[in-house]
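User: Hi! Could you walk me through this chain with a few questions and answers?

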Amino acid sequence: FKPGQYGELALPGENGSEKIERRAYSIASTSSCKDYLEFYIVLVKGGTLTENLWNLEVGDSLWLGTKIKGKFTLDNVPHGKDIIAIATGTGLAPFLSMIETYKNDNIWNSFTVIHGARYKRDLGYESKLLELSENNKNIFYIPTLTREDWEGHKGRVDTIFKDGTYSNITSHNITPDNSQILLCGNPDMIDSTTEFLQSEYNLKIHSKKDPGQIHFERYW
């Protein structure tokens, strides 16, 4: 698979139901790993699939679709740019795969992960991303919380740009020539952040016919 793509996981429904409950999840592990696939999944209380996933034990069977899918990859992102990957919740998964797979390939000028969550406990992979940012001069990690006071940034993801945090941490500015934006997660975040980037920095949504700087994948 290519980093950024997703697989479909499934299990039988409740009480031996013949109905198969399936959901698409972006792959968080690097594509160079051939031994396993890693997924970043949040337990949804009362959910038709995740509660059954949580009840699985080592060795139990789990259905995986035979074809990995998705076009949210770096194929349409030019090399040598400042990539800004903005995620909420489990929308972080595809960016983890991208960083781990390409971190030594020199295909970007910088790669910044901005992860928005409500509480610190929701910052999945925080320690891994901190380690990556400390050991790679062109990788940056900026988490932000909306409902908890802590030592880090507070506010929605777009405030990272409005208050100068992005430029202060990375020493880069956002321009149509140098920046490529990847958005994944809550659709409201994607819509509001896209609108802000368009109006504030004159960036545009990417399409095949009209290449731009903004790429996104919605989770629902």
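This is a predicted model: local features need pLDDT of at least 70, side-chain atom pairs count only at pLDDT 80 or more; totals for chains, interfaces and linings use all residues.

Residues are numbered from 1 along each chain as its sequence is written, and side-chain values use heavy atoms, with hydrogens and water left out.

User: How many helices and strands does the chain have?
Analyst: Happy to start there. Helices (H or I, at least four residues) and strands (E, at least two) are DSSP runs, numbered from the N terminus. By that count, the chain has six helices and nine strands.

User: How many residues of helix α2 are buried?
Analyst: Buried means under 20% relative accessible area, exposed over 50%, and partly exposed in between (1.4 Å probe, protein chains only). The buried residues of α2 include F95, L96 and I99. Their cover includes β2 (20-26), β4 (81-88) and α3 (126-135). For α2 (residues 93-102), the count is eight of 10.

User: Is S61 buried or exposed?
Analyst: S61 sits in the loop between α1 (50-54) and β3 (63-64). Its relative accessibility is 63%, so S61 counts as exposed.

User: Which residues does S61 touch, not counting those up to four places away in sequence?
Analyst: Contact means heavy atoms within 4.5 Å. Leaving out residues up to four places away in sequence, S61 touches L11 and L56.

User: How far apart in space are S61 and K103, C-alpha to C-alpha?
Analyst: In sequence, S61 and K103 are 42 residues apart. In space, their C-alpha to C-alpha distance is 33 Å.
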